[in-house]
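Thanks for coming. I will keep this short, so please have the sequence and the model on screen before I start.

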Amino acid sequence: VSEAFVPKLLGRSDYAIISAIIEPKARVLDLGCGEGELLAWLAENKRVDARGVEIEGSKVRQAISRGVSVFHSDIEDALADLPDQAFDYVILSQTLQESRAPLKVLREMLRVGRQRHRRVPQLRPLERAPGASVHRPRAQNQAVSARLVRFAQHPLLHRRRFRKPGPVAALDHREAHLPARRAADHAAAESFAEVAVFLVRSS
Amino acid sequence: MITETQIVQFDSIALDCGSTLAPVDVAYETYGELNARKNNAILVLHAFTGDAHAAGTDKITGATGWWDSMIGPGKGFDTDKYFVICSNILGGCRGTSGPGSINPETGCPYAMSFPPVTIPDMVRLQKMLVDHLGIERLLAVAGGSMGAMQALQWAVAYPDAVAASIPIAGTARHSPQQIAFNEVGRQAIMADLDWNEGDYYGKRPPARGLAVARMVGHITYMSDASMREKFGRRLRDQDQFEVESYLRYRGSQFVDRFDANSYLYITKAMDYFDLTAGRPSLSAAFDGVKSRFLVISFSSDWLYPSYQSLDVVRALRGRNCDVAYCDLPSTYGHDAFLVHVSEQTELVRGFLASTFRERS
């Protein structure tokens with residue numbers, strides 16, 4: 001697999017990439033945070049204000065027992081509660097495929113993400129990401145992949161539609177993992193970061 | 001852990017109703033040691049009929065505390081790390097001033113001349129106790145049911161004095177259904193001729209009415225599933241179902257330890273509690289809160305349904321407050337908060353540890 005060029009954190013390459021991007025003491029919301037292992041790591045090592053959302057009760061318990069403030073809810077409802085620009089980073093990793101209303105989730109993420117003038121990673125529409133695999137969906141994931149292709153073509157994901165450099169909108173890790181595996185250098189790993197993680201960092 | 005209830009007397013307390021109660025006694029217990037920085041104190045808030053004896057074995061009676069499963073060395077509220085305080089509420093009958101206390105002006109029990117008390121009054125008295133113990137800021141306030149209402153009131157009334165609040169199986173205000181059940185209990189007491197307009201001290205107390213009130217209460221604390229599991233349709237004897245026997249036993253036990261007038265005063269305090277009162281929304285009530293929250297509800301609790309906890313959580317999240325929320329699966333109804341020890345231990349321990357780390 002990809003260990004040679006995609007570092008791992010807590011056994012996951014997307015965590016390594018996210019943790020490298022997130023700045024100390026930021027406010028971080030992780031949607032579908034599972035057992036909260038990434039948020040706990042970020043809280044301990046980057047002193048972030050870590051919040052999570054998770055639908056599965058046993059995972060919520062695990063996360064809270066780690067000291068992470070997790071809301072037991074589905075993502076759509078959880079986002080609707082939050083005020084505008086409440087977080088510096090909103091993470092959606094390996095979770096979009098679970099959503100019933102993915103576009104709504106994306107819009108809500110942009111709403112609760114803080115608008116700041118900062119370096120914004122290049123937005124790459126998914127079809128242009130190097131080696132992106134969405135045009136060759138895995139058989140068991142065809143429905144999801146087809147949906148992801150539609151997102152990739154949605155105006156929301158196209159930077160040029162934003163007056164200012166737009167938010168990073170990157171698609172699901174599970175889909176994006178394949179190009180990263182094939183990638184041969186660190187640059188590919190970086191583009192993987194953009195594809196793997198839905199990070200809201202707007203300017 | 002051998003424990004002993006202590007009493008501290010304060011000169012007076014000003015109440016929401018406008019009157020002043022003077023003097024006022026507070027019964028309390030403490031477990032563990034207050035550290036040098038005084039930042040490891042947790043105030044535990046009892047439910048309706050609870051008392052200050054939350055943990056350990058009472059020195060005199062040998063009774064086990066009502067939350068002993070959660071408080072003690074190595075437990076959820078770990079007394080090796082934290083200094084835990086629990087006091088009896090204002091209006092109660094377990095050592096803190098209430099309708100059964102002697103009115104110094106008359107030398108007789110207050111009875112129904114005791115001033116009406118509110119949840120904020122109860123919390124104000126708790127704050128006086130905490131100040132008396134030399135604690136500026138509590139690490140946490142925690143409680144189930146009515147204790148949850150107090151935990152919320154603490155965070156709202158004293159934002160600088162609470163680092164974390166843990167309301168369990170509670171609400172920001174009673175629903176009509178909750179008020180209705182309380183009213184049935186009150187009417188049962190007042191319909192008992194022995195109640196005598198509250199003037200029964202030194203005479204026969206309204207035991208039958210109070211027992212009926214308690215029986216109704218116990219029904220609301222359980223669930224259809226837990227009652228089926230616990231009793232089924234089994235007969236105790238020829239003309240008594242197991243469930244009837246249980247409720248009668250619970251009712252008769254209750255009258256030995258609880259004062260009927262306290263029942264009236266406390267249920268009224270619960271019914272009138274409303275964090276949204278005088279405010280445009282629940283969210284507005286949380287304007288200015290500074291604490292973290294751990295909110296817990298139970299899936300089968302129909303007396304304090306999960307939606308009530310969720311309302312609180314949503315209002316807090318709307319203010320971007322730091323709030324953890326878990327709806328625990330359970331079949332035990334409202335009693336679940338006293339039953340599901342391992343899950344709550346897990347949640348509380350982790351939540352307290354991270355709160356304590358942040359403060360240290």
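This is a predicted model: local features need pLDDT of at least 70, side-chain atom pairs count only at pLDDT 80 or more; totals for chains, interfaces and linings use all residues.

Residues are numbered from 1 along each chain as its sequence is written, chains are lettered from A and ligands numbered from 1 in the order in which they are written, and side-chain values use heavy atoms, with hydrogens and water left out.

The interface, then. Here 24 residues of chain B are in contact with 24 residues of chain A, contact being heavy atoms within 4.5 Å. About 1,800 Å² is buried between chain B and chain A, 49% of it on carbon and sulfur atoms; buried area is the accessible area, with a 1.4 Å probe, that two parts lose on being put together, summed over both. On the chain B side, R314(B), R317(B) and N320(B) lose the most area to chain A, together 36% of what that side buries.

How many salt bridges does the rule find across the interface of chain B and chain A? There are four, where a salt bridge is a side-chain nitrogen of Lys or Arg within 4 Å of a carboxyl oxygen of Asp or Glu. E346(B) forms a salt bridge with R61(A), with the closest N and O atoms 3.7 Å apart.

Now the helices, which are DSSP runs of H or I with at least four residues, strands being runs of E with at least two, numbered from the N terminus. Axes are lines fitted to C-alpha atoms, for helices over the stretch in contact, and angles run from 0 to 180 degrees between N-to-C directions.

In chain B, helix 1 (residues 119–132) packs on helix 2 (residues 146–157) of chain B at about 70 degrees, the axes being 9 Å apart. That makes helix 1 of chain B roughly perpendicular to helix 2 of chain B; the class covers 65 to 115 degrees, with under 35 roughly parallel, over 145 roughly antiparallel and the rest oblique.

Helix 3 (residues 176–191) and helix 7 (residues 260–272) of chain B pack at about 160 degrees, with axes 10 Å apart. Helix 3 and helix 7 of chain B are therefore roughly antiparallel to each other.

Last, the backbone. The peptide bond from A22(B) to P23(B) is cis, with omega near -10 degrees, and P23(B) lies in the loop between strand 4 (20–21) and strand 5 (24–31) of chain B. L10(A), in the segment before helix 1 (13–21) of chain A, has phi near 55 degrees, a positive value in a residue other than glycine.
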